[in-house]
Amino acid sequence: MYKYFDAHCHYSYLKKNYEGYLIAAVSMDYQSAIDTLSLKRENVLVGVGIHPWRVHEEDLTRVLPLISKADFVGEVGLDYRFSKAPKELQIKYFEEQIKAGEGKLINVHALDAWEDALNILVKYDVKRAIFHWYTGPSSLLKDIEGAGYFISINPSVTFQKKHQDVLRNADLRFILTESDGGYEYRGKLLEPSDIPNAISFMSSFLGIEEQKLIKSVSDNFYKAYGLNVVNS
Ligand SMILES: [Zn+2]
């Protein structure tokens, strides 16, 4: 039914339909959470959360009640490189949103904070999580997989060396694809429609047939998001 799977997309910033894609739409703040919730439909799962870049300017108490309406929590996490918010505040927001989303998947941004984010997820006994656009140390991959979590590979894998190293070292069993659509990276607006090209690249990079790779990503997506498999 679906050919491509976007595990992390700022869909409320894009005004298009993507036929054949199953999309997990993340939000950044209160306003995008409201917009994202309104996008709920058959091929769109909706996430609510305050991004670590917005922590210092967003009211947690406005967003927490929206989490119960969402399919998953995100985009939430920690960012020790770019966020202007103090570490302690980022951790507080991350933890409060995890608690409010008990039982739901957590869609995690953890730039330069990979290990802290993993430890917090484990501390709160989170069962399902995705480390989006994972560029952290390869040594942490086995712990992420061991905890039952996933990583998502962004279309930037076609040129981003660090991301390629991750792809090389990660087991297929916990790899998802994402676009981070709506976000502009190196002057290009990312979109779900960048995923087919990423799949082709990943397929030749790993020496795996495209169909096999897509099947694996599909299985992982359904498992991560706790959905019944309708794809065959
Ligand atoms: Zn994002």
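Predicted model: local features only at pLDDT ≥ 70, side-chain atom pairs only at ≥ 80, totals over all residues.

Visitor: Which side chain meets that of E191 in a salt bridge?
Guide: A salt bridge is a side-chain nitrogen of Lys or Arg within 4 Å of a carboxyl oxygen of Asp or Glu. Here E191 meets K16, at 2.9 Å from N to O. E191 lies in the loop between β10 (188-189) and α7 (195-206) and K16 in the loop between β1 and β2, so the pair ties together parts that are 175 residues apart in sequence. Helices (H or I, at least four residues) and strands (E, at least two) are DSSP runs, numbered from the N terminus.

Visitor: Is E191 buried or exposed?
Guide: Buried means under 20% relative accessible area, exposed over 50%, and partly exposed in between (1.4 Å probe, protein chains only). E191 is buried, with a value of 15%, whereas K16 is partly exposed at 47%.

Visitor: How many salt bridges does the whole structure hold?
Guide: A search finds 14. Among them is the one between D71 and K40, whose closest N and O atoms are 2.9 Å apart. D71 is in the loop between α2 and β4, and K40 in the loop between α1 (30-37) and β3.

Visitor: Which residues are the protein donors of the zinc ion?
Guide: Donors are N, O and S atoms within 2.8 Å of the metal (3.2 Å for Na, K and Ca); water is not among the atoms, so sites may look incomplete. The zinc ion has H8 (NE2), H10 (NE2), E75 (OE) and D180 (OD), lying 2.2 to 2.3 Å from it. H8 lies in strand β1 and D180 in the loop between β8 (175-177) and β9 (184-185), so this pair ties together parts that are 172 residues apart in sequence. H8 is buried at 0% relative accessibility, and D180 is buried at 4%.

Visitor: Where is E75 placed?
Guide: E75 belongs to strand β4 (residues 72-77).

Visitor: How many residues of strand β1 are buried?
Guide: In β1 (residues 4-9), six of six residues are buried.

Key. Residues numbered from 1 in each chain as written. Heavy atoms only, no water.
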